[in-house]
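I opened the notebook to look up side-chain contacts.

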Amino acid sequence: MSAHCQLTGARPGFGKKISHSHRRTSRRFDPNIQSKRYWLPGEGRYVRLRLSARAIKAVDVMGVEAAVARIRARGERV
């Protein structure tokens, strides 16, 4: 599974790890992706979403119906 958020579209960032001797090696900054199950009252079923921690807070504010509508508008399957 790829480390990307279905709601915000957050994907891994890339950069360098700097050691004590200041050598630089490549590394990857993964978003904090959680798999969360929400009840979707409009469809009478549960949906499982892969969201970042920031997106989980956004769903709490905007509601699961609006969040799923936004995910579907981006063209992702729910």
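The entries below cover ring pairs, charges over rings and salt bridges.

**Ground rules.** I am working with a predicted model, where local features need pLDDT of at least 70, side-chain atom pairs count only at pLDDT 80 or more, and totals for chains, interfaces and linings use all residues. Residues are numbered from 1 along each chain as its sequence is written, and side-chain values use heavy atoms, with hydrogens and water left out.

**Entry 1: aromatic rings.** How many aromatic pairs does a search of the whole structure find? I got one. W39 pairs with Y46, and the geometry is edge-to-face. I noted 4.9 Å centre to centre and 70° between the planes. My cut-offs: rings of Phe, Tyr and Trp (its six-membered ring) pair if their centres lie within 6.5 Å; planes under 30 degrees apart count as stacked, over 60 as edge-to-face and the rest as tilted.

I then checked exposure. Buried means under 20% relative accessible area, exposed over 50%, and partly exposed in between (1.4 Å probe, protein chains only). W39 has a relative accessible area of 43%, so I logged W39 as partly exposed. Y46 is also at 43%, so Y46 went down as partly exposed.

**Entry 2: charges over rings.** Y46 came up again here. The charged end of R37 sits over the Y46 ring, 3.7 Å from the ring centre. I found R27 placed over a ring as well: its charged end sits over F29, 3.8 Å from the centre of that ring. The test I used requires NZ of Lys or CZ of Arg within 6 Å of the ring centre and within 35 degrees of the ring normal.

**Entry 3: salt bridges.** I searched the whole structure and found four salt bridges. Each needs a side-chain nitrogen of Lys or Arg within 4 Å of a carboxyl oxygen of Asp or Glu.

R28 bridges to D30, with the closest N and O atoms 2.8 Å apart.

E43 bridges to R45, with 2.7 Å between the closest N and O atoms. E43 is partly exposed at 38%. R45 is partly exposed at 31%. Which residues do shared partners join into one network? I wrote down E43, R45 and R72.

E76 and R74 also meet in a salt bridge, at 3.5 Å from N to O. R74 has a relative accessible area of 43%, so R74 is partly exposed.
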